[in-house]
Amino acid sequence: MRRSRFTEEKSIGIFKQAEVGMTLASLCRQHRMSDATFYKWRSKYGGMDVSEARRWRGLERRTSGSWLSRTRTPCTQGKPRKNG
């Protein structure tokens, strides 16, 4: 999966700038991102502080690995055997 140029901390910092009063067009131009990216981030990180985003990311990493190991089924190689 492709890594983002911006960390959660940077995107939250951009939200803080928008709350202060910078226009969306100038923010997007300054950080070289599209306004669609801004709205996607806002839906994901809206209302979070940096510490909350770090905690959320840690929880997401911990739970995603265990979920994946629980849902994985062993692969069978070749054709399945016939009983009988």
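Start by selecting Arg32, which counts as exposed because its relative accessibility is 70% (exposed means over 50% relative accessible area, buried under 20% and partly exposed in between, with a 1.4 Å probe and protein chains only). Arg32 sits in the loop between α2 and α3 (helices are DSSP runs of H or I with at least four residues, strands runs of E with at least two, numbered from the N terminus). Check its backbone too: phi of Arg32 is near 55°, a positive value in a residue other than glycine.

A word on what you are viewing: this is a predicted model, in which local features need pLDDT of at least 70 and side-chain atom pairs count only at pLDDT 80 or more, while totals for chains, interfaces and linings use all residues. Residues are numbered from 1 along each chain as its sequence is written, and side-chain values use heavy atoms, with hydrogens and water left out.

Now zoom out to the whole chain. Of the 84 residues, 18% are buried. The accessible surface is about 7,500 Å², and carbon and sulfur atoms hold 51% of it (Shrake-Rupley method, 1.4 Å probe).

Next, colour by pLDDT, the predictor's confidence in each residue from 0 to 100. The chain averages 77, and 74% of the residues score at least 70.

Then select α1 (residues 8-20) together with α2 (residues 24-31). Their axes come within 10 Å and cross at roughly 150° (axes are lines fitted to C-alpha atoms over the stretch in contact, and angles run from 0 to 180 degrees between N-to-C directions). Which residues make the contact between α1 and α2? Show Ile14, Gln17 and Ala18 on α1, and Leu27, Gln30 and His31 on α2 (contact means heavy atoms within 4.5 Å). These residues divide into three nonpolar, three polar and no charged (Ala, Val, Leu, Ile, Met, Phe, Trp, Tyr, Cys and Pro count as nonpolar, Asp, Glu, Lys and Arg as charged, and the others, Gly among them, as polar).

Stay on α1 and pick Ser11, which lies in that helix. Is Ser11 buried or exposed? Ser11 counts as buried, because its relative accessibility is 1%. Leaving aside residues up to four places away in sequence, Ser11 touches Trp41 and Tyr45. Across the chain, residues 24 or more positions apart account for 57% of the contacts with a separation of 6 or more.

Finish at Gly47, in the loop between α3 (35-45) and α4 (50-71). Gly47 is exposed because its relative accessible area is 77%. Draw a C-alpha to C-alpha distance from Gly47 to Phe15: the two are 32 residues apart in sequence and 9.0 Å apart in space.
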